[in-house]
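Please keep the sequence and the coordinates at hand while reading.

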Amino acid sequence: MVRAGLDAESVVRAGAELADEIGFEQVTPSELARTLGVRTASLYSHVRNAHDLRTRIALLALEELADEASAAIAGRAGRDALGAFADAYRDYALRHPGRFAAARYRLDPETAAASAGPRHSRLTRAILRGYDLDEPRETHAVRLLGGFFTGYVELEGAGGFSHSSPGSQESWTEILDALDSLLRNWPAPS
């Protein structure tokens, strides 16, 4: 890419692609400049610093992931919605490991509130409507699902399930069935 073709969007997209190749934490303006074949100073008219670059990659990843999850659950309910939602996260993480890591980058409160992050919460709550959970159980379930999706795909992406049977897909399906059962039969507070 030549310098004249650079704009903020192309810099961020190139940064996201680089994150998928080398890991999100390894993305710096100088590494991105080397990849693009430009001087690092050329990037600073589009991003302020490494934190700004990573923040913008995180915002892009959150938006992409929310779009995919939203499309996946459209017209679905119950176990079908849960599975589609979970598969959207897992598929995105496997296709875009650097971006998936970026989606968990700590944003300042104002940036987080304006990002697609709250949309993820609304999407999760939308699939949970089919389970008739009251508060605070619904919030507990949002956290449970987020923790499970993130943990599972991180372990899977790192090869944590490649050394034993049953296969990762079989476990994924079985665990989603167990989560569905839990959500339908959430225990009363003790």
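Which elements each supply at least two residues of the lining of the second largest pocket? In this predicted model, they are α5, α6 (97-102) and α9. The space in this second largest pocket amounts to about 160 Å³. Its lining consists of A93, L94, P97, F100, A101, R104, V153, E154, G157 and A158. Sorted by class, these residues comprise 7 nonpolar, 1 polar and 2 charged.

Attention may now turn to the largest pocket, which holds about 380 Å³ of space. It is lined by 17 residues, and those closest to its centre are Y89, H120, T124, G146 and T150. Two or more lining residues come from each of α4 (50-73), α5 (78-95), α8 (117-128) and α9 (137-157). Among these contributors, α9 gives the most, with 6 residues. The class division of this lining is 9 nonpolar, 7 polar and 1 charged.

In an unreviewed entry, UniProt lists residues 5-65 under "domain: HTH tetR-type". Within the model, that span is 70% helix and 0% strand, and its end C-alpha atoms lie 27 Å apart.

Notes: Residues numbered from 1 in each chain as written. Predicted model: local features only at pLDDT ≥ 70, side-chain atom pairs only at ≥ 80, totals over all residues. Heavy atoms only, no water. 1 Å grid on protein atoms, 1.4 Å probe; cavity = no way out; pocket = protein on both sides within 12 Å on 5 of 7 lines; lining within 4 Å. Points joined across faces, edges and corners; volume = space filled by probe spheres on them. Helix = DSSP H or I, 4+ residues; strand = E, 2+ residues; numbered from the N terminus. Nonpolar A, V, L, I, M, F, W, Y, C, P; charged D, E, K, R; others polar. UniProt positions renumbered as here; feature names shortened; annotations may be inferred.
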